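Here is a short report on one chain. It starts with the fold as a whole and ends with a single residue.

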Amino acid sequence: MQDDQSTKEKVTEVIEEDIWGLIQDFWNAGFSYQIGGDDVKITVGMVIIVILSFLLTSVALRLIRSFITSKLMDEDKLKFISVFKFIKYFVYLAVILITLSSTGVDVTILLTASAALFVGLGLALQELFQDVIGGIFIILDKSLLVGDIIELDGRVARVFEIKLRTTRALTRDDKVMIIPNHKFISDTVYNYTQNHKTTRESVKVGVAYGSDVEKVRTILLECAKEQKGILKKPEPFVLFEDFGDSALMFALHFYVSDSFVDPKVKSELRFKINDKFRLNNITIPFPQRDVHMFYPPGNKIPNNQTTENDA
């Protein structure tokens with residue numbers, strides 16, 4: 001009995017002093033450095049705890065995201081994921097700081113020492129933060145959706161992807177515009193399809209003075225009714241806009257369901273208008289000027305010039 005008892009004591013002593021002591025030594029191993037006169041010690045155990053906290057937080061965030069997105073529609077799901085990515089970084093930062101604080105590290109020392117670094121990063125990444133905030137506003141207030149047709153800096157494009165920092169849109173000449181999201185906050189952006197997909201377009205034309213204006217209106221409406229891509233309802237209409245210097249100015253207004261391809265519709269419509277005007281003897285005038293040339297008395301007028309030229 002005594003031998004068994006002494007054996008147990010020796011085993012316990014070995015475990016407590018050797019094995020457990022070795023584990024404690026490994027757990028407490030590390031290095032220390034000074035920040036602002038205060039010692040900050042980084043140990044192996046602290047690093048392991050931070051890594052475990054990081055992994056557990058990742059798993060928890062993934063479960064939360066899966067739970068919420070399972071109850072959302074596909075369109076809203078993509079928006080939530082974009083915002084969730086931004087929130088995730090703040091959660092990671094908070095977890096790391098809380099973990100370090102719980103292990104005995106004075107977090108205020110680290111924050112104070114890093115204040116200048118944070119200010120420098122903030123100034124350097126100011127526009128990046130503006131883009132991220134702009135992306136969050138776009139996603140939350142639904143001022144811009146995938147499929148919307150927008151006009152920015154004189155270019156018309158169709159949005160096909162909205163990310164947290166940038167928005168991608170395809171122009172009419174099949175080129176991709178990568179737009180920083182802060183543009184949608186600071187600049188004026190035309191959204192052709194914000195309220196509905198239908199937009200009103202127009203084609204302007206001038207006819208010679210003396211033309212039958214009622215006949216002009218009838219021909220313009222006929223061209224609109226025959227043109228593919230123009231909606232029957234609401235009906236096209238013609239406005240007599242002005243008495244120009246060289247022509248009577250008309251505008252044919254019509255509605256299309258896809259304003260992204262309206263330049264093609266307008267081009268085909270102009271072909272039809274030109275053909276019908278020719279068939280009905282309606283002239284599309286061009287600017288003309290009378291140039292009068294005066295010569296001093298006694299000077300001969302050159303044979304190849306007249307006193308009045310049309311240009």
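Among contacts (heavy atoms within 4.5 Å) between residues at least 6 apart in sequence, 56% join residues at least 24 apart. This is a predicted model: local features need pLDDT of at least 70, side-chain atom pairs count only at pLDDT 80 or more, and totals for chains, interfaces and linings use all residues. Residues are numbered from 1 along each chain as its sequence is written, and side-chain values use heavy atoms, without hydrogens and water.

The chain has nine helices and 12 strands. These are DSSP runs numbered from the N terminus: helices are H or I, at least four residues, and strands are E, at least two. Of 311 residues, 29% are buried, meaning under 20% relative accessible area with a 1.4 Å probe, protein chains only.

**A helix pair**

Two helices pack at an angle of about 140°, axes 10 Å apart. Axes are lines fitted to C-alpha atoms over the stretch in contact, and angles run from 0 to 180 degrees between N-to-C directions.

| Helix | Residues | Contact residues include |
|---|---|---|
| Helix 8 | 213-226 | Val216, Ile219, Leu220 |
| Helix 9 | 262-279 | Leu269, Ile273, Phe277 |

**Valine 205**

Valine 205 lies in strand 8 (residues 199-207). At 10% relative accessibility, valine 205 counts as buried. Leaving out residues up to four places away in sequence, valine 205 touches Leu220, Leu248, Met249, Phe250, Phe277 and Ile284. Valine 205 and isoleucine 273 are 68 residues apart in sequence, yet 8.9 Å apart in space, C-alpha to C-alpha.

Note on methods
Buried < 20%, exposed > 50% of the residue type's maximum accessible area, 1.4 Å probe, protein only.
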